[in-house]
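Please look at the sequence and the structure first, and then read the points below.

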Amino acid sequence: MPAKGQFNVLLLGKTKTALVRVYRMDGTQVGREELLLPGVSKQFNIPVAGTYIIEGTDNKTGEVIFANKVVIL
């Protein structure tokens, strides 16, 4: 999904609280991790153009709940 630096993450159909992290394609983490509750939208801002991976893991077990790519233009 293309974006100009700002995008929202929303957990739908998930019942677990997630820790959301954003990574560069080389695997380094960008910014800090954010706690995301099911059904609550969280805005992220990445000012540098590039391709990133957004990963959400279960807050208690560390299991990966989702991983998606975002392109910042």
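Glu-34 forms a salt bridge with Arg-32, with the closest N and O atoms 3.0 Å apart; a salt bridge is a side-chain nitrogen of Lys or Arg within 4 Å of a carboxyl oxygen of Asp or Glu. The model is predicted: local features need pLDDT of at least 70, side-chain atom pairs count only at pLDDT 80 or more, and totals for chains, interfaces and linings use all residues. Residues are numbered from 1 along each chain as its sequence is written, and side-chain values use heavy atoms, with hydrogens and water left out.

**Salt bridges**

- By this rule, the count comes to five salt bridges.
- Glu-34 counts as buried at 14% relative accessibility, whereas Arg-32 is exposed, with a relative accessible area of 64% (buried means under 20% relative accessible area, exposed over 50%, and partly exposed in between, with a 1.4 Å probe and protein chains only).
- Arg-21 and Glu-33 also meet in a salt bridge through their side chains, at 2.8 Å from N to O.
- Arg-21 lies in strand S3 and Glu-33 in strand S4 (residues 29–36), so this pair ties together parts that are 12 residues apart in sequence; helices (H or I, at least four residues) and strands (E, at least two) are DSSP runs, numbered from the N terminus.
- Arg-21 is buried, with a relative accessible area of 16%, while Glu-33 is partly exposed at 37%.
- A further salt bridge joins the side chains of Glu-63 and Lys-16, at 3.5 Å from N to O.
- This pair links distant parts of the chain, 47 residues apart: Glu-63 is in the loop between strand S6 (50–58) and strand S7 (64–72), and Lys-16 is in the loop between strand S2 (6–10) and strand S3 (18–24).
- Glu-63 is partly exposed, with a relative accessible area of 44%, and Lys-16 is partly exposed at 37%.

**Aromatic rings**

- The count comes to one aromatic pair, where rings of Phe, Tyr and Trp (its six-membered ring) pair if their centres lie within 6.5 Å; planes under 30 degrees apart count as stacked, over 60 as edge-to-face and the rest as tilted.
- The ring centres of Phe-7 and Phe-44 are 5.7 Å apart and the planes are at 10°, so the pair is stacked.
- Phe-7 lies in strand S2 and Phe-44 in strand S5 (residues 41–45), so the pair ties together parts that are 37 residues apart in sequence.
- Both Phe-7 and Phe-44 are buried.

**Confidence**

- The protein chain averages a pLDDT of 89, and 95% of the residues score at least 70; pLDDT is the predictor's confidence in each residue, from 0 to 100.
- Confidence in the protein chain is lowest in strand S1 (residues 2–3), at a mean of 57, and highest in S3, at 95.
- Where pLDDT is low, the predicted coordinates should not be read in detail.
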